[in-house]
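User: I want to learn how to read the local features of a protein model. Please take me through them one at a time.

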Amino acid sequence: MQFLYPAFLYGLLALAIPVIIHLFYFRRFKRVYFTNVKFLKEVKEETSARRKIRNLLVLLARLLAMALLILGFAQPFLPQDAAVKKGQKAVSVYVDNSFSMSSLSQDVPLIDKAKERAREVVSAYNVDDRFQVLTGDFESRHQRLVSKEDALVLIDEIKVSPSVKNLSQVLVRQRQALETRKEDEIMNAYLVSDFQKNITDLDNFSDTSVAISLLPLQSVQEKNIAIDSCWFDSPVQMKNQTNPLIVKIKNYSQEDADNVRLALKLDGQIKPVGTMNIPAGKEVTDTVNLTILRNGWHEAELTITDYPVQFDDSYYFTFNVAEQINALVINGAAASKYLNAVFKGIETFNIVNKSPQNLDYSSFPSFDLIVTNDLSTLSSGLSFELTEYIKNGGNVLMFPASSANRNSYNAFLDGVPANQLGVYESIERKVSNLNTEEFVFKDVFENKSALFKLPVSQANFALSKFSSRGEEPLMIYRDGSSFIAKYRAGQGHLYLCASPLNKGINDLVKNGEIFVPMIYKMAISSAKFSQIAYTIGKDEVMDQTNLATGAEMIYKIKGEKEEFIPEQKVIGSKVILGINNQIKEAGFYDLYLNKEKPLNVYGFNFDRRESELQYINVAGLATMTQNNPAFSIVDSSNNTNFAELIKERSTGFVLWRWCIILALLFLAIEVLLLRFWTVD
């Protein structure tokens with residue numbers, strides 16, 4: 001047993017007072033005359049013995065009453081399983097308000113049960129203690145310590161939110177808030193959650209400076225089927241062509257799901273896709289073929305029908321079919337009439353011819369493809385800009401001049417990195433193979449085994465064969481060396497031809513069935529797949545080509561119900577947009593400078609981590625936290641007086657009430673002894 005205020009125990013010295021009164025109390029006896037004194041001695045002895053017993057019992061009752069009263073002021077308690085510390089306390093309470101907390105627990109949503117538990121935790125502490133109320137939203141108003149009354153108000157305002165945070169992140173936030181406490185305040189943290197498996201990473205938290213109590217809530221196990229994600233088979237969507245869309249749907253329950261109906265809503269028009277059967281705990285993929293009839297931005301929504309968990313039954317995504325593909329050709333001599341013919345033969349292409357002396361490097365990001373044609377040398381400035389352009393998602397096709405300065409070319413190729421140009425050899429070589437598995441030639445030819453004329457070169461540079469350069473041949477000579485090779489760097493591609501683009505040296509331009517689709521596919525073959533969908537709370541930063549012309553121009557994002565100004569940071573030709581947890585609802589959001597035409601359209605979806613309704617039970621939590629003594633688990637039934645349970649854990653089993661009750665009981669015994677036990 002321990003005492004909260006042990007100084008009151010000095011009051012036990014006052015127990016000597018009733019003892020002294022008892023010893024020095026001499027009652028004067030009244031003389032009584034008897035006519036017959038035969039039994040006088042016997043009566044006198046009996047009366048004296050009874051009086052002594054009564055007085056001793058009265059003294060004992062007084063001593064016990066005073067002792068218990070003094071103990072009551074000292075506030076004794078019995079320490080429980082959690083360490084009990086004295087003094088003011090700083091308490092952080094995290095209430096999990098993710099979508100899984102909308103599940104039912106005995107016909108009551110878990111979020112309501114969690115708020116009730118949080119109120120009971122706060123109520124178990126004193127008025128002068130300070131509190132933090134934290135949710136998965138990580139709102140700024142939840143980052144400070146407040147009074148008990150304000151904490152109860154914050155708990156009442158908690159609502160279910162799409163935000164999902166790993167519990168290790170939550171504990172870090174709690175610790176940060178608690179570290180702002182006064183020096184003499186004791187830190188306590190509480191986690192009220194259903195402890196889903198995919199967010200419970202408590203073994204990643206090793207700090208022992210904060211006493212952490214876990215309050216698990218048990219929900220009814222729900223069945224759930226969710227649209228996990230979708231993506232296009234090719235990096236660029238093309239008008240008037242079939243664009244395969246891959247859809248992934250997952251069954252999170254332990255039962256097979258039959259006849260799950262999938263539908264697609266594209267630009268306001270609903271298109272039934274079909275039904276599918278999904279085995280228990282498995283995922284399936286399906287292909288939806290989209291035929292796009294116009295350029296510009298498109299909004300699409302995939303939907304399934306599932307109950308009762310419905311937040312993940314829709315998946316929003318957007319994509320853009322470019323109205324124009326811009327190509328820059330840097331010519332060492334005259335412009336190539338063959339390249340001009342290719343680009344002008346396709347209505348969506350826009351070609352710009354420049355000489356190396358007239359380049360505007362700042363305009364490079366606006367081009368989808370840059371072709372270097374017949375350059376004798378690459379300046380260090382051009383080499384640097386081309387390297388940066390490739391790494392940021394651009395495509396470069398390089399045809400070296402027959403008189404190329406190999407040192408300048410190889411300096412650039414080393415920076416990519418790519419295989420180097422070797423000796424220029426005037427030997428006829430024939431291409432024997434096309435790599436029809438690579439994106440550039442994939443799906444170009446209906447009959448891949450058909451015999452058609454392949455290019456022949458009269459001279460070429462021998463390319464080195466460093467395996468570390470990651471070369472992917474597109475066209476191969478009969479001797480196994482590369483005629484055109486592809487190299488990936490950062491988010492873009494370099495395409496290197498071993499022979500100059502000169503009809504007298506290289507007849508590639510004569511093979512229109514190869515040359516034309518090759519140029520087209522290279523222009524749209526960015527290694528950076530355009531992100532078609534975003535996740536609320538996860539994708540908080542996005543980049544956009546900066547189109548603002550003045551400091552007063554401000555980007556805005558507008559949804560169906562809200563509009564806000566994102567954080568904006570301009571870096572070169574890009575502007576970095578920060579969402580900062582301002583998007584709360586799934587749907588479509590437009591980015592614009594001018595409301596008449598959006599610059600970008602984003603599809604935001606709820607985090608799918610909440611779709612997996614698997615939880616860690618009390619035994620699992622105990623195993624996970626067994627190596628960290630800071631953790632303790634508060635497991636209670638619904639009928640438990642939770643406030644009392646928390647109070648006992650924070651202050652021990654309180655005994656002062658029993659001391660007062662027993663003190664009153666012994667005072668009552670004393671009164672009864674004096675009133676009803678007569679000895680005369």
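Analyst: Start with burial. Buried means under 20% relative accessible area, exposed means over 50%, and partly exposed lies in between (1.4 Å probe, protein chains only). Phenylalanine 138 has a relative accessible area of 15%, so it is buried. This is a predicted model: local features need pLDDT of at least 70, side-chain atom pairs count only at pLDDT 80 or more, and totals for chains, interfaces and linings use all residues. Residues are numbered from 1 along each chain as its sequence is written, and side-chain values use heavy atoms, with hydrogens and water left out.

User: What is the phi of phenylalanine 138, and where does the residue lie?

Analyst: Most residues other than glycine have a negative phi, and most peptide bonds are trans. Phenylalanine 138 has a positive phi of about 55° and is not a glycine. It lies in the loop between strand E6 (130-134) and helix H4 (148-156). Helices (H or I, at least four residues) and strands (E, at least two) are DSSP runs, numbered from the N terminus. Aspartate 267 also has a positive phi, near 50°. Its place is in the loop between E11 and strand E12 (269-278). At 34% relative accessibility, aspartate 267 is partly exposed.

User: Which peptide bond is cis?

Analyst: The bond from valine 416 to proline 417, with omega near -5°. Proline 417 sits in the loop between helix H8 (406-415) and strand E20 (421-425).

User: How do I read a salt bridge?

Analyst: Look for a side-chain nitrogen of Lys or Arg within 4 Å of a carboxyl oxygen of Asp or Glu. The whole structure has 14 salt bridges. One of them joins the side chains of glutamate 283 and lysine 248, at 3.7 Å, N to O. Glutamate 283 belongs to strand E13 (residues 283-291) and lysine 248 to strand E10 (residues 242-251), so the pair ties together parts 35 residues apart in sequence. Glutamate 283 is partly exposed, at 41% relative accessible area.

User: Are glutamate 438 and lysine 486 buried or exposed, and how far apart are their closest N and O atoms?

Analyst: Both are buried. Their salt bridge has its closest N and O atoms 2.1 Å apart. The pair links distant parts of the chain: glutamate 438 is in the loop between strand E21 (429-434) and strand E22 (456-457), and lysine 486 is in strand E25 (residues 482-489), 48 residues apart. Salt bridges can also form a network, as in Glu139, Arg141 and Glu157.

User: How should I read a helix?

Analyst: An α-helix has 3.6 residues a turn, so residues three or four places apart point the same way. Then check its span: the expected value is 1.5 Å times one less than the number of residues. Helix H3 (residues 110-123) has 14 residues and reaches 20 Å from first C-alpha to last, close to the 20 Å expected. Ten of its 14 residues are buried, so H3 is mostly covered. Among them are Leu110, Ile111, Val121 and Val122.

User: And surface patches?

Analyst: Patches use residues with over 30% relative accessible area and no salt bridge; like charges are joined within 9 Å, nonpolar side chains (Val, Leu, Ile, Met, Phe, Trp, Tyr) within 5 Å. Accessible areas come from the Shrake-Rupley method with a 1.4 Å probe; for residues, only the protein chains shown count as cover. Ile53, Leu57, Leu60 and Leu64 make a nonpolar patch of about 320 Å². Leucine 60 is in helix H2 (residues 40-74) and is partly exposed, at 46%.
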